[in-house]
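Have a look at the model first, then try each task before reading its solution.

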Amino acid sequence: MVGLTTINGFPLSMDERLAKLKEAGFGSVLMWWGNDETESREERIKLAAKHNLQVENVHAQTDDLNAIWADGENGERIISELLNEIADCRQYGISTIVMHLTNGSNPPPISKTGVSRVERLIGAANKMNVRVAFENMRVPEHTKYFIDNYRTPFVGLCYDSGHENYWTPETDWLSLYSDRIFAIHLHDNCGDADSHMIPFDGDINWSKKLRQLSRSNYKGSIALECEYHHGIYETGGFENYLKKAYRAGASIEHLITG
């Protein structure tokens with residue numbers, strides 16, 4: 001099954017977006033879980049069901065995450081919001097939530113305050129039977145810390161191919177955590193920006209990455225996080241972009257499954 005994110009440049013309502021995705025052949029979606037969509041989380045889940053699209057996972061909000069690592073009310077507010085997002089996963093039957101742990105290229109270092117707060121998220125996820133997939137970001141230390149030190153079935157990696165290629169090409173995430181891959185974000189770039197291009201349109205070594213992915217424990221959808229608003233796609237129109245993205249995902253699925 002091939003999936004696509006519900007965010008990243010689609011100029012349509014959620015209902016229209018999901019209808020177009022289904023028409024293009026997609027069978028699942030990576031759903032944005034933040035509060036800044038027009039539709040409520042309940043409405044988003046119902047719309048996915050309406051269009052017979054599986055929700056592969058949901059993506060937690062990403063604003064002001066560096067506050068997690070410093071003392072103060074702002075960090076507590078962020079954790080409270082993330083705890084609510086985990087609770088809503090349980091309510092709506094979502095098995096996996098993707099989370100970032102930092103913002104930007106110079107986040108605060110790992111701190112006792114931050115570790116204690118993230119432990120609360122992990123504890124809540126354990127109790128609610130929700131897996132937390134920490135995503136590889138610009139600075140790898142925070143993500144590595146929790147995957148390395150919390151050997152629970154509810155803590156793993158969201159592997160982002162574009163982030164690895166652009167920000168941390170020296171870190172081979174799929175080799176490090178082949179048995180801990182809970183989610184994937186597949187997209188491409190040329191190593192000069194986090195471009196979110198369709199796979200095979202940049203310079204990622206897909207032969208290598210797909211071999212690694214096929215040998216990992218990941219069994220979910222071929223989940224794409226490419227963006228329509230990249231200029232090379234807008235000229236062809238939204239429907240052509242979706243067709244191209246689906247073909248790339250189907251090719252990846254074929255290469256992985258043989």
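**Exercise 1.** Find what covers the buried residues of helix α5.

*Solution.* Start with the cover: it includes α4 (112-128), β5 (131-135), β6 (155-160) and α7 (173-176). (Helices, H or I of at least four residues, and strands, E of at least two, are DSSP runs numbered from the N terminus; contact means heavy atoms within 4.5 Å.) Next, list the residues being covered: in α5 (residues 141-149), His142, Thr143, Phe146 and Ile147 are buried, meaning under 20% relative accessible area with a 1.4 Å probe, protein chains only. They span an arc of only 125° around the axis, which puts them on the same side of α5; the arc is taken from the directions from the helix axis to the C-beta atoms.

This is a predicted model, where local features need pLDDT of at least 70 and side-chain atom pairs count only at pLDDT 80 or more, while totals for chains, interfaces and linings use all residues. Residues are numbered from 1 along each chain as its sequence is written, and side-chain values use heavy atoms, leaving out hydrogens and water.

**Exercise 2.** Is Thr143 buried or exposed, and which residues does Thr143 contact?

*Solution.* First, locate Thr143 in helix α5. Its relative accessible area is 2%, so Thr143 is buried. Then, setting aside neighbours within four places in sequence, look for its contacts: Leu101, Phe134, Glu135, Asn136, Leu157 and Trp173.

**Exercise 3.** Name the residues of α2 and α3 that meet.

*Solution.* On the α2 side, take Arg41, Glu42 and Ile45; on the α3 side, they meet Asn84, Glu85, Asp88 and Tyr92.

Key. Buried means under 20% relative accessible area, exposed over 50%, partly exposed in between (1.4 Å probe, protein chains only).
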